[in-house]
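Please look over the sequence and the structure below before reading on. The briefing that follows goes through a few topics in turn.

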Amino acid sequence: MSENSPQSQSRKTVRDFLEMKSRGEPITVLTCYDVLFARLLAEEGVDMILVGDSLGQVALGYDSTLPVTLEEMLHHTRAVRRGAPDTFTVVDLPFLSYQVSNEDALRNAGRALKETGAHAVKLEGGRKESCDRVRTLVRAGIPVMGHLGFEPQSVNALGGFRVQGRSEEEAERMKRQSLALEEAGCFSVVLELVPGTLAGEISRVLRIPTIGIGAGVECDGQVLVLPDVLGLNPDFSPRFLKKYGRLAEAARAGIRGYVKDVKARQYPGDEHTFGEEG
Ligand code: KIV
């Protein structure tokens, strides 16, 4: 089967994620925003790529996800798809691309799939309006991932980056909303910054997989923001984050070495220089 065929044999599907949950196999998800890292994620066998609207902070320099546009999401998702054509890819619907109406949500989610080749979209929230959006998209054949707990697009309403679901009232609401998202047709739900016991409880009750970020080991899968995992963002070290690399240091050493060599005329050497022939 060629990489351009509609369904490559290696690409996971929403059914695979359900089966992984039922056999207790953790689902690995990482965010990605460009072609080179997408290629690496695909080669290392990550189950699912999320082109998150964390793009705004980690690649575009915004101070929240709110300014991210649909065009920016589509642009980066196309790059990711070129690097990982056989990896199931979810696109985040950015702020105000789905909140206004079901029609807007359908038009924008449709564009996300049509114009990038991604396989699913993610949207935040579990109130009635969010469930209506999910139902509309699912009816049109668009798989939807939900997102509860800390919802970055509501950072101003939530009063900052903080754990959600610590009070009984918040925990009960999150349980209700997760069931409502499942009932509306979501194929999975992200739980962000949620106490581990609550995330475990929700994961046991739901049929669809939960994908945790700062939500403990009992979620059915885990997602992290790639530059954070690789240590490209040395100033960001929240409790839930484990850094699996020191890319900022490696990159600095490389840049420093290049600058030093050029200044000292040690680069380019003869081996990097073309002769008259051959
Ligand atoms: O935008 C993003 O990267 C996300 C993850 C943190 C789940 O939504």
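A residue counts as buried when its relative accessible area is under 20%, as exposed when that value is over 50%, and as partly exposed in between, using a 1.4 Å probe and protein chains only. This is a predicted model, in which local features need pLDDT of at least 70 and side-chain atom pairs count only at pLDDT 80 or more, while totals for chains, interfaces and linings use all residues. Residues are numbered from 1 along each chain as its sequence is written, and side-chain values use heavy atoms, with hydrogens and water left out.

**Cysteines**
- Cys 219 is buried, with a relative accessible area of 8%, and Cys 32 is buried too, at 0%.
- The count of disulfides, meaning pairs of cysteine sulfur atoms within 2.5 Å, comes to zero.
- The closest cysteine sulfur to that of Cys 219 belongs to Cys 186 and is 15 Å away, which is too far for a bond.

**Ligand surroundings**
- An N or O atom in the side chain of Ser 54 is 2.5 Å from an oxygen atom of the ligand, and for the side chain of Lys 122 the corresponding distance is 2.9 Å.
- Of the 260 Å² of accessible area that the ligand has on its own, the protein covers 96%, with areas taken from the Shrake-Rupley method and a 1.4 Å probe.

- Beyond its neighbours within four places in sequence, Leu 137 is in contact (heavy atoms within 4.5 Å) with residues including Leu 93, Val 121 and Ile 142.

Methods. Polar contact = N/O pair within 3.5 Å; in protein donor to acceptor, adjacent residues only side chain to side chain.
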